[in-house]
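Reader: I would like to go through this structure and ask what stands behind each label. Please set the values against the cut-offs.

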Amino acid sequence: MRGCLVVAALVVAAPAQAGPLTIRAPAVDLPAGRLGDAVLALGRQSGTSIVVGDPALWARRVPAVRGRMSAREALDRLASAVNADVVAAGPVGWRLVTRAPRVVSVRAKRPKVIPVAAPVAEGADVVVTGSKRDVRLRDFAGQVALLDGVDLALGGAGGTEAILARLASVSSTHLGAGRNKLFIRGIADSSFTGPTQTTVGQYFGDLRLSYNAPDPDLRLYDIASVEVLEGPQGTLYGAGSLGGIIRTVPNAPELGAVSASIAGGLSATWHGDPGADLGATLNVPLGERVALRVVGYGVSEGGYIDNPVLDRRDVNRTRIGGGRAMLRLDAGNGWTVDLGGIGQWTKGDDSQYADRDAPALTRSSAIVQGFSADYMMGQVVVSGEIGGLKVKSSTGIVRQTLTERYDATLPEGEARVFAQRNATSLIANETRVWRPVRNGFGWVVGGSFTHNRTRLSRSLGPIDAPAPVTGVTNRIDEATLYGEASMQLVRGLTATAGARVTRASLAGTGEDIAPARLETVALARARVTADRIETSVLPSASLIAAVLPKLSLYGRYQQGFRPGGLAIESDFVRRFENDRVRTLESGVRYGLAGVDSAYLSASVSHTIWQDIQADFIDATGLPSTANIGDGRIWTFSATGGWKPVAGLTLDAGFTYNDSRVTEPSANLFVALARMSQVPNIARYAGRLGADYRRDVGRDLELRVYGWARYVGRSRLGVGPVLGEEQGDYLDTALTARVGRASLGVTLGVTNLTDSVGNRFALGTPFQVGSGQITPQRPRTVRIGLDAAF
């Protein structure tokens, strides 16, 4: 993780009243005190990101800065007060660096230099915005990973893969971009995208990306940061956060400044086709109180899988195009309104799996198995303050569609295709009021409403004339109220408690039911399609103690749940019930990443999982969903880092998961007898990383970042049919950049050893058990150029 402090606020302060013909700079009101506090305030008021790399600099005293001025002018004043320089940091904003002392020599003799270790600032803080009430990381009882957006974009802005590469505790299926499911800390349900809600909550800012759809795999262009909160987050985030949440924070529009950036690259893949990527960002003020920020990008990833049956090579090229825009209005009196939109369109020419026993990177398929994944979101976010309390209301509309083709050809039979379309629409609002922790007390109260509709339609048959087969539509309306409060019981000891009450109305119907089954279905229709109400209460509690200035111990109890729904089994539609997790966790934290020269965070958790929702293969060979029983998961996870010398940062992460289905469902007992491990989660996973920086010219910097990540063995799914082994592979990458903040050249290599591996043991469910693997992308070299204006 980047060795610096990043402040990325999404709220701007009130502007002053402007005359009818006069365009004036926005009002700035920064308190006297520590530079860190002033930078936090400036970030919130201007919507910019400011990097402070030196913890000693963070703690220096600054005078109050008030008046009408641009964010850069205010930052110049702060920098002058602490003897620092302001350096442009591309689209992210600015970086404050300690001004190098001037060496005055009256003789030709070289002056003697005595290195002095900079003191660590005791008060340097990192804020966990995912806490929904601006809790300092030092006071947060839980495992949190804070990833800097600039680091994630190093060597080309990727998608979710860039997050996986930096964390050992996050894993994924690997069907392809826009088709995958994410898992955190051993909470994994299945390999397929079906009617079940996700186990990981994904958020873009304060808005949910999806409900029960796959990871849209948005490209991480112009991102301020990504926060990952491990473990159930039911109190604050509700249904679908059993394993944790991943929150992506974009760079906000900047009032009063014009800026632009562009980054692109060309790549060459061993044993495959070349690729290319290009992205650009533009920030434009539209008057004194309005600013627009626009991002656009296009990516083409070369294929590397050969299909000799169809005489095609490198069949699995993937093309991704998208963008987003956000318009920020300073409404006055401390209130802002953000209007935004996101769109991304993904098209895969063919699937990326191979045959285990065939030559490397080769498979024999009778048909082309292409896919497309489209994602669109519109959002409105209103933020402000009322009497010292902060208020935020976020509303979003989402449409997501995934279309897939699978090879359903039977042995020695004619070519068949199975096509599936998963169309999801989501409307969500959350409104909350909070008091940041002051004088040992803080709280948050909020409410939300979510409407989600998913229609899963399917067809099966000859390539030119597949016939509809049974599908299903699920609908849910979910209303919630939640609250959480923290109180300092004694100095250094803080207790937190909260609860969430959710009332969900669920309904569903079967689609395209075969006529021969209609009479049977009619008898059960009232039971299957009737609306039903589920009410859930999710309590939480935690205690954190600062036993030493840099050392904290914490304990935490949290719950999570997912509502039930309808699933397809053979030609029938049937119900599955909700599931719930209860987690007890204890942990230790020493130091903070980006603040201290050494840091370590570790935790042990025990999870009880009731009525696990998971997938299995039904009698027709298709995946279905059921409650497979109860289980338990033991998890140990740890992350740490160390700066042994100036310019070098080493980091490491490790996770251990021991999962069992302890009480299998009676209907699936035989299937589970051969495999009781929760699917898709490796028992062991770990990573190592190294980040080196040094000046190589008057204003040039060399940065070299490399990492290695090992993923242990896991099982594909439940039962003997889906019991295929996968995992046990090592992934690696090395990237170098030379340049300044405004212009740089990068050279990167992924999969240094050009290993094949097996990331995921599924390509088509109709050939499970025949030896399918999803290999790693072969060694790929990319050369790129980035510029900021």
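Reader: Are arginine 562 and aspartate 189 buried or exposed?

Author: Both arginine 562 and aspartate 189 are buried. Buried means under 20% relative accessible area, exposed means over 50%, and partly exposed is in between, with a 1.4 Å probe and protein chains only. This is a predicted model, in which local features need pLDDT of at least 70 and side-chain atom pairs count only at pLDDT 80 or more, while totals for chains, interfaces and linings use all residues. Residues are numbered from 1 along each chain as its sequence is written, and side-chain values use heavy atoms, with hydrogens and water left out.

Reader: What makes the contact of arginine 562 and aspartate 189 a salt bridge?

Author: The term asks for a side-chain nitrogen of Lys or Arg within 4 Å of a carboxyl oxygen of Asp or Glu. For arginine 562 and aspartate 189 the N to O distance is 2.7 Å, so the pair qualifies. The partners are 373 residues apart: arginine 562 is in strand S31 (residues 551-562), and aspartate 189 is in the loop between strand S13 (182-184) and strand S14 (200-204). Strands (E, at least two residues) and helices (H or I, at least four) are DSSP runs, numbered from the N terminus.

Reader: How many salt bridges does the structure hold?

Author: There are 42 salt bridges. Another one joins arginine 219 to aspartate 217, with the closest N and O atoms 2.7 Å apart; both of these residues are buried.

Reader: Why is the contact between aspartate 658 and arginine 683 called a salt bridge?

Author: Their closest N and O atoms are 3.4 Å apart, which is within the cut-off, so the name applies. Aspartate 658 lies in strand S39 (residues 648-664) and arginine 683 in the loop between helix H8 (669-673) and strand S40 (684-695), so the bridge ties together parts 25 residues apart in sequence.

Reader: How many aromatic pairs does a search of the whole structure find?

Author: Six aromatic pairs are found. Tyrosine 221 and tyrosine 297 form one that is stacked, at 5.0 Å centre to centre and 15° between the planes. Rings of Phe, Tyr and Trp (its six-membered ring) pair if their centres lie within 6.5 Å; planes under 30 degrees apart count as stacked, over 60 as edge-to-face and the rest as tilted.

Reader: What parts does the pair of tyrosine 221 and tyrosine 297 tie together?

Author: Tyrosine 221 lies in the loop between strand S15 (207-208) and strand S16 (223-230), and tyrosine 297 in strand S20 (residues 290-301), so the pair ties together parts 76 residues apart in sequence. Tyrosine 221, at 8% relative accessible area, is buried, and tyrosine 297, at 10%, is buried too.

Reader: How do you know that tyrosine 211 is buried?

Author: Its relative accessibility is 4%, so tyrosine 211 counts as buried. Tyrosine 211 is in the loop between S15 and S16. The C-alpha atoms of tyrosine 211 and threonine 454 are separated by 9.3 Å, although these residues are 243 residues apart along the chain.
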